[in-house]
Amino acid sequence: MKRSNKVIAGIVAGILGLGAAGSAYAAKSAADMDKEMAETAAIMGVKLTVADAAKTAETQTGGRAVDVSIENENGVILYEVETLKADGTETRVMVGANDGKIVKVAVVTDDEKDGKGDEDGNEANDEDGDDD
């Protein structure tokens, strides 16, 4: 009898442990969902359209918009527009999604195109020095 009580106690403890872990996961998921909903609401409330952001970037760079994405940078909603000129120059333009102001303009470097640099043109940190 004592052995079966220990087995049952172990099973109950395991189930309770899984329940607690599941609750923690659900709470984290709910917090993540709240954050995503707030971000979605902010994005949906922007004043500038994608077409407006693309036109602003094209006017700034003299190129054609080839890619537009929207980002939340520390609570500020920005369109990131990549333009391409006839000479092959790629430029990244950050446009405020609510006011249409140009926040940043940066020429895309060859390293960025190859995936070796960040958006500011800095080489990626590769601790062991090889190209992997």
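1. In this predicted model, confidence in the protein chain is lowest in helix H1 (residues 2-44), with a mean pLDDT of 65, and highest in strand E3 (residues 90-96), at 97. pLDDT is the predictor's confidence in each residue, from 0 to 100. Helices (H or I, at least four residues) and strands (E, at least two) are DSSP runs, numbered from the N terminus.

2. The chain averages a pLDDT of 77, and 63% of the residues score at least 70. Over residues 120-132 pLDDT stays under 50, and the model has 12 contacts (heavy atoms within 4.5 Å) beyond four places in sequence for them. Where pLDDT is low, the predicted coordinates should not be read in detail.

3. On conventions: residues are numbered from 1 along each chain as its sequence is written, and side-chain values use heavy atoms, leaving out hydrogens and water. Local features need pLDDT of at least 70 and side-chain atom pairs count only at pLDDT 80 or more, while totals for chains, interfaces and linings use all residues.

4. There are three salt bridges, each a side-chain nitrogen of Lys or Arg within 4 Å of a carboxyl oxygen of Asp or Glu. Arg-92 pairs with Glu-80, with the closest N and O atoms 3.3 Å apart. This pair links strand E3 to strand E2 (residues 76-84), 12 residues apart.

5. Arg-92 also bridges to Glu-82, at 3.5 Å between the closest N and O atoms. Shared partners join Glu-80, Glu-82 and Arg-92 into one network. Arg-92 and Glu-80 are both buried (under 20% relative accessible area, 1.4 Å probe, protein chains only; exposed is over 50%, partly exposed in between).

6. Glu-58 bridges to Arg-64, at 3.9 Å between the closest N and O atoms. Glu-58 is partly exposed at 21% relative accessibility, and Arg-64 is exposed at 62%.
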